[in-house]
Amino acid sequence: MQGSGSLLKQLSVKEAWKSTSSRWGGKDKGCEASLSQMEGFAKYGNEDSGMVGKKRVMVLVDHTSHSKHAMMWALTHVANKGDLLTLLLVLPPHRGSQSSCSTYLVNHLGSLCKDCKPEVEVEALVIQGPKLATVMSQVKKLEVSILVLGQKKPSPLLSCLCGNNSISSSEEFAEYCINNAECLAIGVRKRSQGNNGYLISTRWQKNFWLLA
């Protein structure tokens with residue numbers, strides 16, 4: 001699947017950013033989960049699909065709820081037993097030092113993932129630098145198989161005021177990553193209360209409704 005129209009776009013940005021990392025180990029046990037099939041991508045890393053070996057799934061995390069929803073979706077729908085789930089938190093380059101809040105956040109999210117699915121190996125990275133360049137660089141450097149990004153519902157007020165020009169910078173960032181990352185990139189948005197499932201976007205398919 002990785003060979004399906006992958007756009008190799010290199011960003012020549014010098015990696016002089018500060019970073020920290022944490023990793024949680026665990027024994028292999030429990031059941032496996034896999035990506036539901038849809039047009040544009042098939043099951044990843046599932047024995048039934050004939051694809052074997054570990055894969056690295058990267059999730060861009062922050063303090064928002066849609067980021068957490070994307071992380072849990074990746075954990076339950078993409079990461080299988082023995083895979084490596086990388087949680088990436090990018091801090092603004094102008095911040096003087098990495099705050100204790102950022103360290104607490106990634107440690108909390110990493111522990112949550114291990115508690116929910118101990119058969120998946122989890123690591124957390126905190127990197128200070130330009131957000132887009134950092135994500136693209138880490139995807140290439142770590143040879144990421146799947147990048148998962150949380151997306152939020154567009155603001156109705158902003159849509160009314162700005163019409164077609166209401167796309168926010170966060171939406172533009174997600175769309176760029178989906179269309180240009182050197183791996184399969186998936187945008188995940190949890191549907192509003194009263195509506196089950198998620199809206200999934202890839203470079204081939206936009207806002208595909210996944211019930212589970």
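Which residues are buried in α3? I found Ala133, Thr134, Val135, Met136, Ser137, Gln138 and Val139 buried there. I took buried as under 20% relative accessible area, exposed as over 50%, and partly exposed as in between, with a 1.4 Å probe and protein chains only.

**Ground rules**

I am working from a predicted model, where local features need pLDDT of at least 70, side-chain atom pairs count only at pLDDT 80 or more, and totals for chains, interfaces and linings use all residues. I number residues from 1 along each chain as its sequence is written, and side-chain values use heavy atoms, with hydrogens and water left out.

**Overall layout**

I counted five helices and eight strands in the protein chain. Helices (H or I, at least four residues) and strands (E, at least two) are DSSP runs, numbered from the N terminus. From that terminus, I read the order as β-β-α-β-α-β-α-β-α-α-β-β-β.

I looked up burial for the chain: buried residues make up 45% of its 212 residues. I then checked contacts, meaning heavy atoms within 4.5 Å. Among those between residues at least 6 apart in sequence, 75% join residues at least 24 apart. The accessible surface of the chain comes to about 11,200 Å², and 51% of it belongs to carbon and sulfur atoms. I note that these areas come from the Shrake-Rupley method with a 1.4 Å probe; for residues, only the protein chains shown count as cover.

**Helix α2**

I checked the length of α2, residues 100–116. Its 17 residues at 1.5 Å each should span 24 Å, and the end C-alpha atoms are 24 Å apart, so the two agree. The expected span is 1.5 Å times one less than the number of residues.

I listed the buried residues of α2 as Ser102, Leu105, Val106, Leu109, Gly110, Cys113 and Lys114. They cover an arc of only 160 degrees around the axis, which puts them on the same side of α2. The arc is that of the directions from the helix axis to the C-beta atoms. On the other side of α2, I found Ser100, Cys101, Tyr104 and Asp115 exposed.

What covers the buried residues of α3? I found that the cover includes β2 (56–60), β3 (84–91), β4 (121–128), β5 and α5 (169–180).

I moved on to glutamate 143, in the loop between α3 (131–141) and β5 (146–150). Its phi is near 55 degrees, a positive value in a residue other than glycine. Most residues other than glycine have a negative phi. Is glutamate 143 buried or exposed? At 65% relative accessibility, glutamate 143 counts as exposed.

**Helix α5**

In α5, I have Phe173, Ala174, Cys177, Ile178 and Asn180 as buried. These buried residues pack against β2, α3, β5, β6 and β7.

**Around β7**

I found glycine 197 in the loop between β6 (184–190) and β7 (198–201). Glycine 197 is buried, with a relative accessible area of 8%. Glycine 197 and leucine 210 are 13 residues apart in sequence and 5.5 Å apart in space, C-alpha to C-alpha.

Tyrosine 198 lies in strand β7. At 13% relative accessibility, tyrosine 198 counts as buried. I also looked at histidine 69: it is 129 residues from tyrosine 198 in sequence and 9.3 Å from it in space, C-alpha to C-alpha.

**Charges over rings**

I counted a charge as over a ring if NZ of Lys or CZ of Arg is within 6 Å of the ring centre and within 35 degrees of the ring normal. The charged end of lysine 190 sits over the ring of tyrosine 198, 5.1 Å from its centre. The charged end of arginine 203 sits over the ring of tryptophan 204, 5.5 Å from its centre.
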